[in-house]
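Biologist: I would like to learn how to read strand pairing in a model. Can we work through one case?

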Amino acid sequence: MNQALQTPTSTLLRITRRLNLIEIIGRFAPLLFLITLVVVFGSLEPRFLTKLNLLNVLRQVSITGLIAIGMTYVILTSGIDLSVGSLLAFAGVVSAAVAKGGTGTWLRSTTGEQGYGVTLAVLAAIGIGIAGGLIQGIAITRLGVPPFVVTLGGMSAFRGATLLFSNGGPISGFSKDFRYWGQGKVFGDIPILALVFLGFALVAHIILRYTRYGRHIYAVGANPEAARLSGLNVKLLITSVYVIVGFFCGLSGYLLASRLNSAEAVAGVGYELTVIASVVIGGTSLFGGEGGIPGTVVGALLIGVLTNGLVLMNVSTYIQQIIIGAIIVLAVAFDRFIKSKRRV
Amino acid sequence: MNDHFLLRMIDIHKAFPGVKALDGVSFDVRPGEIHGLVGENGAGKSTLIKILSGAYQPDSGVIEWEGQRVHITGPLHAQRLGIATIYQEFNLIPPLTIAENVFIGREPGRGAFLSWPTLYRQTRAVIDRLGIDLDPRRIVRTLSVAEQQMVEVARALSMKSRLIVMDEPTATLTENEVGQLMSIMRELKAQGLSIIFISHHIEEALQICDRITVLRDGRLVGTRAINEVTLDEIIRMMVGRSMSELFRRSTTYATDEVALRVRNLSRSGNARDPNAIVLHNINFEVRRGEILGIAGLVGAGRTELARAIFGVDRFSSGQIEIDGRPVKIRSPRDAIRYGLGLVPEDRKQQALFLRLAVRTNMSLAALGRLVRFVDFVSARAENELIESYRKALNIHMTGPEQRVANLSGGNQQKIVIARWLALKPKVLIVDEPTRGIDVAAKAEVHQLLDELARQGIAIIMISSELPEILSMSDRIITLREGRQTGEFLREEATEETLMHAMALEQTPVSVA
């Protein structure tokens, strides 16, 4: 009996060793691509590899990057959230109104020009984000409507709410405190926004990798039926990831208003594309259960570097969009290719 | 016997990265012959069939079809030659009619328009050749598994196939349906068709085949004419050991303490799913250290009973008691809290996370016990847990990070069992614990269940293999169409008495 078992085991060992190499290439492909891009742009365009420009790239990807962190959780459960841009805008105008002490229509100003302060403004933005995510999460798990449809509805509804709340116009001109998190810098040139992004990325990564909750997320995404039969509260877990992405939409809504010194009713239009692209290019599978935050950070940076480099080289934004679209498809095609090699 | 061959595959080699899937296998089929192809999982049956059906290209070797050397370039080519393959997972389109499925891609008609009367007439003609009665207008979704299989066979016939390859055709059929399938196979043989019959059930192969070919580890062990071979010899060829070395329980560990009692459990029909199986007044108990076998044919309600107890599906009335206390189980979470575990019937769909590592697959249910600080899982505690079950259950894996998709069925099943053992369950329900795993792993799983009983776990074992039920159980209950039809102590049960209770109307027998 032992002899019969030994041979297949040693062959198995050999296969897995070989597969690991393929898997390593697959896992680090986005990073290698990012490094290649940096080298290429660096050699073609002298303005690219400057400290100022690189920090600028980091700042530019931070807003969508933050939402992409939450989106990673959602996509790991094989869900999707199309409402992120609208929810961000809604949280942004509410936050702005709180900071300003009212819009005239919705929040009667009781404090005059001073408003309610930054802390309350941030909490209001996050509160809106969480509430929006919670409603969608409940609709998905209790009504059984697919995430694509629920969040497509949310995309429209939250945009409508934003326009209604702000009367369609921007709310701008904030206090220095309000602008601090979006525009401020520390240690000389480092944008606070970028640190917020990387800080949350680290926390989100640790939760996903090292906690029971994180493991449950992967399990639910990989096989919801098996997860339920293993005693996991699948509905609660799925609801939670929409709350998480909602949290990041709320936070980003405030941060974008803070950075631009203006909360626009049309803020975040098309963000779902950039956000989902960051996650997918970073190697997280749309079928759930595979991927993670480091990939998403690389994916977000990749899109940022690409956009920035092309701008510096005077490539038109129309062509940029074509290139980014092609890269999304190629990234997933490559991922599938790697997986097909692995399955042998 | 004539020496004329319909098909000859000579010295076929096929390697995948790191594995020799086929190593010089030769195989032939005569006209009008049913040729059995048997072997354990991983023996190379599927690879051979996929080469024949054009899904894979061999690395080397010769294929002759009707005496002519051929290169089968793809599934379409195989079809045109007259080779039809019926896989375990059917290739049917559920929302369409039988007729549309039979003639898909070849519908009779003019131009873009389909001629329905001709389609139905032609389908009827093909079905008649099978000697069965099926309305071509029925929607495939509403058919039983056996009927869907008939549709596949009808399609093969309609394509004027000379050779039909059937991959595990009996795996999901009831005893009656297997009988029907066999008579259809004989009918086709009488019409001059050849059939390659792949099966785990060697008895079936012995019943129906003219010759049997055994593969092991990608090599040809031998081809035997049916009248010169015995069941034991085939098993020996398959595994390199004889049946008497398989696991046999020697003693019982049953105590007097009832761990789980089910009283008057009933589950009524479901308006949304008219095919749902109903359960009527099920009553039984299982004691600590006891293995209770639940036997029944497909559709008897065995799996439904397990799912109802485990809180997966709701039941309409009845009571479950654990350690003598009535409990309300509304979800698997509740069941787990009361010390129940369920190893489900369909390992890949319901138990495993195929794309995830061994780590999560094994520790998922018990993660709560591995948390040392806030919600952080202690890597050390988890590694110790994995290592201890790897040793105790003899799981062959490269390490905790290996994907379970890359493990054999037996090792996968051990991981599912380990997931529950990590929770120290009082009652473990195992549904078809050895389905689709090879003979050696099967014996190991049996030994493991015996050991768990010895440790005082109450085990409910559902199985459609009567030898398994008879060799493992201390006590057996039989179900038929959702009703309890018998209860037997191991000593008084035989395959005949069980089959009687499973298949025929009978008043419940009580144990003294």
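Biologist: Which residue is the bridge partner of Ile164(B) in E10(B)?

Modeller: The model is predicted. In general, strands of a sheet pair through backbone hydrogen bonds, either parallel or antiparallel. Here the bridge partner of Ile164(B) in E10(B) is Ile195(B). Strand E9 (residues 163-167) of chain B pairs with strand E10 (residues 194-198) of chain B in the parallel sense, over five bridges.

Biologist: What is the order of the strands in the open sheet of chain B?

Modeller: The order is E6-E9-E10-E3-E11-E12, six strands with mixed pairing. Strand E6 (83-86) and strand E12 (219-225) of chain B are the edge strands, each pairing on one side only. From one strand to the next, the twist averages 15°.

Biologist: Which strand does E13(B) join through six bridges?

Modeller: Strand E13 (residues 258-267) of chain B is joined by six bridges to strand E14 (residues 279-287) of chain B, and the two run antiparallel. One pair to look at is Leu265(B) with its bridge partner Ile282(B) in E14(B). E13(B) also pairs in the antiparallel sense with strand E16 (residues 317-322) of chain B, over five bridges. There, Leu260(B) stands opposite Ile322(B).

Biologist: How many helices and strands does chain A have?

Modeller: Chain A has 13 helices and four strands. Of its 344 residues, 52% are buried. Chain A exposes about 15,500 Å², with 68% of that supplied by carbon and sulfur atoms. For contacts in chain A between residues at least 6 apart in sequence, 77% join residues at least 24 apart.

Note on methods:
Residues are numbered from 1 along each chain as its sequence is written. Chains are lettered from A and ligands numbered from 1 in the order in which they are written. This is a predicted model: local features need pLDDT of at least 70, side-chain atom pairs count only at pLDDT 80 or more; totals for chains, interfaces and linings use all residues. Side-chain values use heavy atoms; hydrogens and water are left out. Buried means under 20% relative accessible area, exposed over 50%, partly exposed in between (1.4 Å probe, protein chains only). Contact means heavy atoms within 4.5 Å. Accessible areas come from the Shrake-Rupley method with a 1.4 Å probe; for residues, only the protein chains shown count as cover. Two strands pair if DSSP finds at least two bridges between them. Axes are lines fitted to C-alpha atoms, for helices over the stretch in contact, and angles run from 0 to 180 degrees between N-to-C directions.
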